[in-house]
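Subject: Structure handover

Hello,

Please find the structure below. My notes on it follow, with the cut-offs stated where each term comes up.

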Amino acid sequence: MTIVETIRFKLRAGVDDAEFQNTDRTMQKEYMELRPGFLSRATARSADGEYLVTVRWSSPEEAEATIGAFFSAPETQAFLASVDLETVRSNRYELIEA
């Protein structure tokens, strides 16, 4: 069962958008892509500066294990320092394939 996880957030005040995008790519390569069950990840930004990240996982257990380790992993600290954590909203969905 493929899981699609969505995460919405804004950046902390004063964080440079272009710099954050580099931080986001680095975190993806050094952390997310190495996690068991990771399938894909995409980052988008709205006109008002809200980010939307979608991640595809091969199971809900693998998604949960990754988020369980995310906040303490050294590879995620620069990313987390850039995000206004009070704006974070996430959800998980089971992918329906036709």
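Buried means under 20% relative accessible area, exposed over 50%, and partly exposed in between, with a 1.4 Å probe and protein chains only. Helices (H or I, at least four residues) and strands (E, at least two) are DSSP runs, numbered from the N terminus. This is a predicted model, in which local features need pLDDT of at least 70 and side-chain atom pairs count only at pLDDT 80 or more, while totals for chains, interfaces and linings use all residues. Residues are numbered from 1 along each chain as its sequence is written, and side-chain values use heavy atoms, with hydrogens and water left out.

The sheet

Four strands make up an open sheet, ordered E2-E3-E1-E4, and the pairing is antiparallel. Two strands count as paired if DSSP finds at least two bridges between them. At the edges are E2 (38–45) and E4 (89–94), each of which pairs on one side only. From one strand to the next the twist averages 15°. Axes here are lines fitted to C-alpha atoms, for helices over the stretch in contact, and angles run from 0 to 180 degrees between N-to-C directions.

E1 (residues 3–9) and E3 (residues 51–57) run antiparallel and are joined by seven bridges. Within this pair, arginine 8 is opposite leucine 52, and phenylalanine 9 is opposite tyrosine 51. On its pairing with E2, E3 also has seven bridges in the antiparallel sense. There, arginine 41 faces valine 55 and arginine 45 faces tyrosine 51. E2 and E3 form a hairpin with five residues between them, and glycine 49 in that turn has a positive phi of about 90°.

In a regular strand the side chains alternate between the two faces of the sheet.

Contact means heavy atoms within 4.5 Å. Aspartate 24, in H1, is buried at a relative accessible area of 6%. Leaving out residues up to four places away in sequence, aspartate 24 touches Arg41, Thr43 and Phe79. Glutamate 19, also in H1, counts as exposed because its relative accessibility is 56%.

H2 (residues 60–70) lies across E1, E3 and E4 and runs at about 160° to E4. Ala63, Thr66 and Phe70 are buried in H2. Viewed down the axis of H2, the buried residues fall within an arc of 65°, so they line one face of the helix; the arc is that of the directions from the helix axis to the C-beta atoms. Those buried residues pack against H1, E3, H3 (77–82) and E4. Glu61 and Gly68 are exposed, on the face of H2 turned away from its buried side.

Leucine 11

Leucine 11 sits in the loop between E1 and H1. With 17% relative accessibility, leucine 11 counts as buried. Residues up to four places away in sequence aside, leucine 11 touches Asp17, Phe20, Tyr51, Ser82, Val83 and Asp84. Between leucine 11 and glycine 49 there are 38 residues of separation in sequence and 7.8 Å in space, C-alpha to C-alpha.

The largest pocket

On a 1 Å grid over the protein atoms alone, a pocket is an open set of points where a 1.4 Å probe fits, with protein on both sides within 12 Å along at least five of seven lines; lining residues have an atom within 4 Å of a point. Grid points are joined across faces, edges and corners, and a volume is the space filled by probe spheres set on the points.

The largest pocket holds about 320 Å³ of space. Its lining has 20 residues, and those closest to the centre are Ile7, Ile67, Phe70, Phe79 and Val88. E1, E3, H2 and H3 are the elements that give two or more residues to this lining. H2 gives the most, with four residues.

Regards
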